[in-house]
Amino acid sequence: MRYRQVNRQDAEKIITEYLKPIFGFTLKRCKNTQDAEDLAQEIVLKAYRALLVKDDIGDVSRFVWTIAHNALSNYYRDTAKSVIGVSIDEVTEIIADPDSIFDDDDNSDVLCRLQSEIAYLSKLQRKIVIAYYFENRKQTDIAKDLDIPLGTVKWHLFEAKKELKKGMDTMRKTSELKFNPIKFASYGINGSVGTKSCDEFFRSALSQNICYCIRNEAKTVNEIADALGVSPVYVETEVEFLEEYGFLKAEKGKYIANFIINEPTSELLIMQNDMYKRAAELFANDLFDELTSSGILDDRDIWCSQTDGEVTLRDAGRADHNFILWSLIPYIAAWSGKNLMNEEISFEEVATIRPDGAHNIFHASIVSDGLVLPKEYTYMNNWCGPMWNGYSDHTLWQIDSEWSDRGENQNFQAYEDAKKVISLFERDDVLSKDEYAWLAERGYVKTSGDYDGYFKVSWQTVILASKEINNKLLAIGEKIKEKYKSEFDNIKAPYAELALASVPAHLRKIKEYELQFVFHSDGWFLLHCIVTLLNNGKLKPPTEAQKKSLTTIILPN
């Protein structure tokens, strides 16, 4: 039936028919009976007046209920400014009505809260709800597009309505992370990198805080969203990305971090510092004395022509002992005594293979605001390594630290650079001008003369020319480690116990694996060996010219 112009008699008749339904509508949605009566009277009066002046009313029922919905929205805005307790029946009626004015301020509070709650639905339910209510699509069409039965669409709409009602009637509580988000102080890897850098995975505060939120306990996407005070849609996207690359594990609809996030206490760090300091004082001093007194530093199979000045065409020269020791001491500390290690857990058991080709153990650290450390604490400043990469017949072994200077982004390029360095080293006599320039820029060589005429190249890194000299050097370190093995074990035991207790149960095997390398290829041990020798004056700081090629060795496989 279509009305062009409603006269007073017809308008009164229409309003009389709607009096009871309108009062039932307001009584169900208002805080009390008085409000319901007042709102019903307001709706009836607005509808009656509109019927008398409108000349294009096609559907009277739709017209009356649109007025009712808008009046109810005004009521919520004026009485609360909060939609806690709003009936989902009213909300779904609003969004189901294509004539509702969504950009009207009268509806903004309700719709904003509703949209927030829709984000807490599952991905499939979100698609169905948005298609049905916001896009006004038929259930049969939705079922066809999503390739699911019509009954499934109807069931999800029913369940979504219940979930939305539950969410609209609940005040969500966020954790402290919403107001005081954490930030990784550092992160790194043990193993090989892939095509993506760590920055791509933890590019935002959200990704870091998601992992921190579930470092000890598995949570659903909605639980994570509640804790962080953000939309589950954003959490869901990050979680899927991190789970795909192995940084999170899925467990029955919940997620938990698959890497250790270190949040050490002052007690643990002080114990760690003391442990490494005591071990380094035993090992590093003995190693330095043996290397300098044995004459091995002058062995013809230890090559290094590092020079602070320009390379001459006549003589490449030989590096001073101090520069050579900067490479040999941490190298021997890291690689010697492998037979003394307890390697019950293999790398393959705990490392993650990632879709970008990486195969590694990832770890991150945060620093608590209340962390207090003694003045003599040794910090790992600008440290990366030890890194070793073997290709063809040689391996490139390297450390980057506060004493070296290889420029920005060298650490994450090291894996690809190692391949190139070794390739160029092995075909030294046929390099192009650009290849020499690349090596010189990174501190591996210095050149002199005209490339097309008299030309000389001097390798600036330490080179172990034979397996024999490599074995002799490692044997010196092994002898010293064997001498102090029982003391090392006693020093390590209390720290290992406390370190394991600080790690979530599902990640303890990774920590046990890492503890196997304490006093071996362990960056903290190598750092303390260097600091010990610098503090007692045995090792001298490198010159500015030496920093690019510091702590770098090329050795035979």
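Glu238 counts as buried, at 10% relative accessibility. That value, like the others in this talk, comes from a predicted model. Glu238 is part of helix α12, which covers residues 232-244. What does Glu238 touch, if we leave aside its neighbours within four places in sequence? Its contacts are then Arg203, Ser204, Leu206, Ser207 and Ile210.

Next, the aromatic rings. The count comes to 31 aromatic pairs. I will take Phe25 and Trp65 as an example. Their ring centres are 5.3 Å apart and their planes are at 55°. Is that pair stacked or tilted? Stacking needs planes under 30 degrees apart and edge-to-face needs over 60, so at 55° the pair is tilted. As for where the two residues sit, Phe25 belongs to helix α1, residues 8-29, and Trp65 to helix α3, residues 60-79. The pair therefore ties together parts that are 40 residues apart in sequence. Phe25 is buried, with a relative accessible area of 5%.

A second pair is made by Tyr484 and Phe488. Here the centres lie 6.3 Å apart and the planes are at 25°, so this pair is stacked. Tyr484 has a relative accessible area of 9% and is buried. Phe488 is buried too, at 6% relative accessibility.

Ring pairs also build a cluster. Its members are Phe184, Tyr187, Phe201, Phe202, Phe241, Tyr245, Phe247, Phe259 and Phe362.

On the ring of Tyr212 sits the charged end of Arg215, 3.7 Å from the ring centre. The ring of Phe283 has the charged end of Lys481 over it, 5.6 Å from its centre.

Now the second largest pocket. Its volume is about 410 Å³, and 18 residues line it. Which of them lie nearest the centre of this pocket? They are Asn342, Asp489, Lys492, Leu515 and Gln516. Two helices, α19 (485-501) and α20 (508-515), each supply at least two residues of the lining. Helix α19 gives the most, with 6 residues. Sorted by class, the lining has 9 nonpolar, 6 charged and 3 polar residues.

Last, some backbone details. Most residues other than glycine have a negative phi, and most peptide bonds are trans.

Pro386 is in strand β8, residues 384-391.

Another is Ser392, which is not a glycine but has a positive phi of about 55°. Ser392 is found in the loop between β8 and β9, the latter being residues 394-400. Is Ser392 buried or exposed? At 54% relative accessibility Ser392 counts as exposed, because the cut-off for exposed is over 50%.

The remaining place is Phe519. Its phi is near 70°, again a positive value in a residue other than glycine. Phe519 is in the loop between α20 and α21, where α21 covers residues 523-535. At 3% relative accessibility, Phe519 counts as buried.

Terms used. Residues are numbered from 1 along each chain as its sequence is written. This is a predicted model: local features need pLDDT of at least 70, side-chain atom pairs count only at pLDDT 80 or more; totals for chains, interfaces and linings use all residues. Side-chain values use heavy atoms; hydrogens and water are left out. On a 1 Å grid over the protein atoms alone, a cavity is a set of points where a 1.4 Å probe fits but cannot get out, and a pocket is an open set with protein on both sides within 12 Å along at least five of seven lines; lining residues have an atom within 4 Å of a point. Grid points are joined across faces, edges and corners, and a volume is the space filled by probe spheres set on the points. Helices (H or I, at least four residues) and strands (E, at least two) are DSSP runs, numbered from the N terminus. Ala, Val, Leu, Ile, Met, Phe, Trp, Tyr, Cys and Pro count as nonpolar, Asp, Glu, Lys and Arg as charged, and the others, Gly among them, as polar. Rings of Phe, Tyr and Trp (its six-membered ring) pair if their centres lie within 6.5 Å; planes under 30 degrees apart count as stacked, over 60 as edge-to-face and the rest as tilted. Buried means under 20% relative accessible area, exposed over 50%, partly exposed in between (1.4 Å probe, protein chains only). A charge sits over a ring if NZ of Lys or CZ of Arg is within 6 Å of the ring centre and within 35 degrees of the ring normal. Contact means heavy atoms within 4.5 Å.
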